[in-house]
Amino acid sequence: MAKRTKLYEGKAKVLFQGSEPGTVVQYFKDDATAFNAKKKGTINGKGVLNNIISEFIMLRLQEMGIPTHFIKRMNMREQLCHQVDIIPVEVIVRNVAAGSMAKRLGIPEGTNLPRSIVEFCYKSDELDDPLISEEHAVAFGWASPQEIDDFMAMTLRINDYLAGLFMGIGIRLVDFKLEFGRIEDENGDVRVVLADEISPDNCRLWDAKTNEKMDKDRFRRDMGGVEEAYQEVARRLGILPEGGMAELEESDSEES
């Protein structure tokens with residue numbers, strides 16, 4: 001295998017230079033972190049599951065007209081994506097009070113919110129991703145007013161779609177985080193696209209009947225059963241075979 005140029009390594013993924021100009025290879029790791037990397041560990045098979053779950057969701061979003069950085073899944077742990085300039089504003093959509101919001105505002109976890117609430121955070125591990133307003137983002141040049149309008153419109157559509165998708169398989173979409181990036185098209189125009197991933201790593205997913213957690217909170221809170229929770233999400237989405245991870249890996253090796 002030819003040696004690849006590593007562009008960036010984050011908490012859950014590694015980005016390599018793609019073979020075609022303007023592309024990157026996104027490699028999903030099994031490493032798990034929480035509380036901005038203050039807690040670290042490993043979730044066996046997480047990278048594989050997040051890869052196929054994110055692929056599934058990105059393709060569905062593309063079908064409904066949401067532009068994304070995703071091009072194709074290459075293998076069990078890698079995706080080919082367009083290279084983007086990440087906007088340093090994380091967008092958090094909250095449908096149910098949980099996590100930091102419940103703690104910050106003193107709202108009992110599990111409380112249904114009267115409407116979906118969108119929050120912005122400045123993307124900075126050193127500062128623990130502080131909450132910011134739209135005015136902060138514009139004033140400090142992190143995003144333009146037009147870019148905020150663009151990714152807000154996409155965010156609301158994504159929330160509507162994902163909430164319905166997950167409820168259809170018996171899962172509550174409690175909250176989730178999105179990242180967006182800038183990409184230059186063939187005409188030289190810069191537009192905003194959905195980037196990063198959508199998986200149990202950056203979504204809170206609860207069983208609709210029992211409220212059992214099916215996401216990274218199981219790791220954050222030392223609840224156990226993390227691998228099984230991620231697998232159950234993939235299984236309900238119809239992308240994990242009945243034979244589980246072993247059958248998935250066997251199928252991938254046959255295609256390679």
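**Entry 1. Charges over rings**

I started with Arg 4 and found its charged end over the ring of Phe 16, 4.3 Å from the ring centre. I note here that the model is predicted. I then looked up Lys 39, which lies over the face of Phe 219 at 4.8 Å from the centre of that ring.

**Entry 2. The five-stranded sheet**

Next I traced the sheet. I read the strand order as E1-E2-E3-E7-E6, in an open sheet with antiparallel pairing. Which strands stand at the edges? I found E1 (6–9) and E6 (70–73) there; each has a single partner strand, so one side of each is left without a neighbour in the sheet. I noted an average twist of 25 degrees from one strand to the next.

I checked what helix H1, residues 46–63, lies across. I found strands E3 (23–28), E6 and E7 (78–82) under that heading, and the helix runs at about 130 degrees to E6.

I picked Asn 51, which is in helix H1. Is Asn 51 buried or exposed? I have it down as buried, because its relative accessibility is 0% and the cut-off for buried is under 20%. I then listed what Asn 51 touches, leaving out residues up to four places away in sequence: Phe 28, Arg 73, Asn 75, Met 76, Arg 77, Glu 78 and Gln 79.

**Entry 3. Glu 119**

I moved to Glu 119, in strand E10 (residues 112–122). I recorded Glu 119 as buried, with a relative accessible area of 11%. Which side chains make polar contacts with that of Glu 119? I found Arg 94 at 2.8 Å and Arg 104 at 2.6 Å.

**Entry 4. Aromatic pairs**

I counted four aromatic pairs in the structure and wrote up two of them. Tyr 122 and Trp 142 are stacked, at 4.0 Å centre to centre with 15 degrees between the planes. I placed Tyr 122 in strand E10 and Trp 142 in the loop between helix H3 (134–139) and helix H4 (145–167), so this pair ties together parts 20 residues apart in sequence. I noted that Tyr 122 is partly exposed, at a relative accessible area of 21%, whereas Trp 142 is buried, at 17%. The two fall on either side of the cut-off, because buried means under 20%.

I then took Phe 151 and Phe 180. Their ring centres are 5.3 Å apart and their planes are at 15 degrees, so I have the pair as stacked. I found Phe 151 in helix H4 and Phe 180 in strand E12 (residues 171–184), 29 residues apart; the pair links distant parts of the chain. I recorded Phe 151 as buried at 1% relative accessibility, and Phe 180 as buried at 0%.

Last, I checked which residues are linked by ring pairs into a cluster, and found Phe 120, Phe 151 and Phe 180.

Note on methods. Residues are numbered from 1 along each chain as its sequence is written. This is a predicted model: local features need pLDDT of at least 70, side-chain atom pairs count only at pLDDT 80 or more; totals for chains, interfaces and linings use all residues. Side-chain values use heavy atoms; hydrogens and water are left out. Two strands pair if DSSP finds at least two bridges between them. Helices (H or I, at least four residues) and strands (E, at least two) are DSSP runs, numbered from the N terminus. Axes are lines fitted to C-alpha atoms, for helices over the stretch in contact, and angles run from 0 to 180 degrees between N-to-C directions. Contact means heavy atoms within 4.5 Å. Buried means under 20% relative accessible area, exposed over 50%, partly exposed in between (1.4 Å probe, protein chains only). A polar contact is a pair of N or O atoms within 3.5 Å; within protein, one must be able to donate a hydrogen and the other to accept it, and residues adjacent in sequence count only if both atoms are side-chain atoms. Rings of Phe, Tyr and Trp (its six-membered ring) pair if their centres lie within 6.5 Å; planes under 30 degrees apart count as stacked, over 60 as edge-to-face and the rest as tilted. A charge sits over a ring if NZ of Lys or CZ of Arg is within 6 Å of the ring centre and within 35 degrees of the ring normal.
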